[in-house]
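Dear colleague,

Please find the structure below, handed over for your records. My findings follow directly after it.

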Amino acid sequence: MFRAQALVAHDEKKITLETVTMPAPGKNQLRIRTLYSGISVGTEFALIKNRISWGPYPLITGYQAVGEVEEVGATVEGYRAGDRVYYRANHAQLTLSSGAVCSNVSATHTSHA
């Protein structure tokens, strides 16, 4: 398991910075250290304010990010550690220290994907 930081939206209409755990990347995955992630004011605020729903709380939003590849799975081709990449989703299962599993609403507002 790997520890990362994430912006977590809660049903009380608040966002907190929390430590989450994520599994090690699989043989066909990358681990990326996030450098920048963009906030979509319309979509993400609508989620946080319960105007639309894409999964139960806690939620981790974000669907546009730039990062640096840190780890490359055994069967991944075309990437190596140190590459800069644009990505639109974090597919890792992210879990809070309480044990609650977060709903990934693309989930790029994390220190790692």
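Predicted model: local features only at pLDDT ≥ 70, side-chain atom pairs only at ≥ 80, totals over all residues.

Residues are numbered from 1 along each chain as its sequence is written, and side-chain values use heavy atoms, with hydrogens and water left out.

Helix H1 spans residues 41–48, and its buried residues are Glu-44, Ala-46, Leu-47 and Ile-48 (buried: under 20% relative accessible area, 1.4 Å probe, protein chains only). Helices (H or I, at least four residues) and strands (E, at least two) are DSSP runs, numbered from the N terminus. The cover over these buried residues includes strands E1 (2–10), E2 (14–22) and E4 (59–60).

The largest nonpolar core has eleven residues, including Ala-4, Val-20, Ile-60 and Leu-94. Such a core is a set of buried Ala, Val, Leu, Ile, Met, Phe, Trp, Tyr and Cys residues joined through side-chain atoms within 4.5 Å. E1 provides the largest share of this core, three residues.

An open sheet of three strands has the order E3-E5-E6, with antiparallel pairing (at least two DSSP bridges between two strands). Strands E3 (30–37) and E6 (84–87) stand at the edges with a single partner strand each, so one side of each is left without a neighbour in the sheet. E5 (residues 65–72) pairs with E6 over four bridges, and Gly-67 stands opposite Val-85 in E6.

Yours sincerely

Definitions and conventions. Buried < 20%, exposed > 50% of the residue type's maximum accessible area, 1.4 Å probe, protein only. Contact = heavy atoms within 4.5 Å.
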